[in-house]
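Load the model and keep the selection panel open. The stops below go from the whole chain to single sites.

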Amino acid sequence: MHRRRHRLALLLGIALLPASATAGGDSRPKPDKVCAYRSPVYLHEVEAGEHLGLIAGRYGVFRKDLIELNPELENPDHIRPGQQVKVCPEIPPRELERFTHRVEAGEHLSSIAAKYELEIEALIEMQGEKLRDPNNIWVGQELVIEREGPIVSGFEPEPPKRGRLSTAVHLDAGEGYVLRRPHLAYGTPSTIRNIEKVLARYRKRADGGPAVRIGDISKQSGGPLSGHLSHREGVDVDVGLVHKGAAAKSVRFVSATEGNLDLRRTWILVHEFLRTGQVRYIFLDYGVQKQLYEYARAHGVSKMQLDAWFQYPRGKGRGHGIIRHWRHHDDHLHVRFRR
Ligand SMILES: [Zn+2]
């Protein structure tokens with residue numbers, strides 16, 4: 001659990017912003033140039049046990065983004081509690097609410113965790129040294145509960161835009177992948193370049209297997225696309241998960257089950273999107289995240305690295321990681337690129 005001191009950080013954040021940012025009597029921080037005017041800079045105060053990847057995950061950015069934004073960090077592998085790290089958050093920072101729960105008769109840790117919608121491990125972590133034996137709690141005992149409160153003022157997500165695509169590039173058919181609807185395969189030049197790069201790298205590493213299914217990107221002119229909330233600006237792409245057996249042959253997207261995913265190839269696909277460093281998020285069902293997380297972990301990817309990329313295992317409601325849960329995403333990845 002990250003015990004953030006938002007109010008302090010926010011005050012310092014304002015103090016570091018140029019004078020113009022506070023002009024006009026509005027004290028909310030303003031979108032900053034170094035964040036491409038998407039958000040203000042947020043100052044994260046490092047807590048004990050945190051590493052840079054975990055902090056990156058907390059705000060939905062890459063570790064390399066934090067290194068770029070904080071050139072004064074002497075050794076990114078050794079950050080110290082109390083140090084401040086600048087972030088351009090993709091996941092808005094939230095106020096932290098902390099209160100005490102007094103244990104009542106009949107309660108146990110799992111029921112208390114469920115009451116506050118926490119994973120039991122997270123509840124235990126919140127108690128720190130004070131909880132000697134998680135199996136032995138007593139009536140009247142005081143437990144610390146931390147919950148994420150409202151979004152820190154000034155960091156509210158931008159309202160949805162009408163969305164247009166001014167310079168449209170078409171993703172053409174190519175070896176190793178199929179376009180489900182070629183007339184909806186238009187994107188920005190950098191989106192198409194990134195998709196092509198991912199598909200080329202995937203092909204080398206996947207070493208055979210079924211064609212990758214590419215779903216909708218955008219219309220040539222952008223704008224609303226029926227059946228989608230986004231896909232308006234040529235920066236979103238739907239990509240089918242890779243299956244084995246009969247499901248591999250379907251041109252339609254197929255829902256993942258415990259047994260039908262080609263985990264090795266699906267992980268290569270996800271990993272190559274992450275490697276571009278140009279992804280804002282990947283929406284993927286929480287259960288599929290679990291399968292991929294465990295696969296990657298068992299195949300040499302460090303927990304520290306996965307902390308930065310995956311929302312799993314923090315709960316599907318939790319804002320964490322580039323890869324996050326969204327309903328109806330158990331048969332494909334929805335990748336959004338940076339503009
Ligand atoms: Zn989509």
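How many helices and strands does the secondary structure of the protein come to? There are nine helices and 12 strands, where helices (H or I, at least four residues) and strands (E, at least two) are DSSP runs numbered from the N terminus. This is a predicted model, in which local features need pLDDT of at least 70 and side-chain atom pairs count only at pLDDT 80 or more, while totals for chains, interfaces and linings use all residues. Residues are numbered from 1 along each chain as its sequence is written, and side-chain values use heavy atoms, with hydrogens and water left out.

**Whole chain.** Display the C-alpha atoms: they fill a box of roughly 65 × 55 × 40 Å along the principal axes. Buried residues make up 51% of the 339; buried means under 20% relative accessible area, with a 1.4 Å probe and protein chains only.

**Helix H5.** Select residues 120-127 and show the side chains of Leu-123, Met-126 and Gln-127, which are buried. Viewed down the axis of H5, the buried residues fall within an arc of 100°, so they line one face of the helix; the arc is that of the directions from the helix axis to the C-beta atoms. Just after H5, Gly-128 takes a positive phi of about 60°.

**Disulfide.** Next, select Cys-35 and Cys-88. Their sulfur atoms are 2.1 Å apart and form a disulfide, defined as a pair of cysteine sulfur atoms within 2.5 Å. Cys-35 lies in the loop between helix H1 (6-16) and strand E1 (42-45), and Cys-88 in the loop between strands E2 (84-87) and E3 (94-102), so the pair ties together parts 53 residues apart in sequence. The torsion about the S-S bond is about -80°, so the disulfide is left-handed. Both cysteines are buried.

**Zinc site.** Finish at the zinc ion. Which protein atoms are its donors? They are His-231 (NE2), two OD entries of Asp-238 and His-334 (ND1), lying 2.1 to 2.7 Å from the ion. Donors are N, O and S atoms within 2.8 Å of the metal (3.2 Å for Na, K and Ca); water is not among the atoms, so sites may look incomplete. In sequence, the donor residues are spaced H-x6-D-x95-H. His-231 is buried, at 0% relative accessible area, and Asp-238 also counts as buried, at 4%.

Methods:
Buried means under 20% relative accessible area, exposed over 50%, partly exposed in between (1.4 Å probe, protein chains only).
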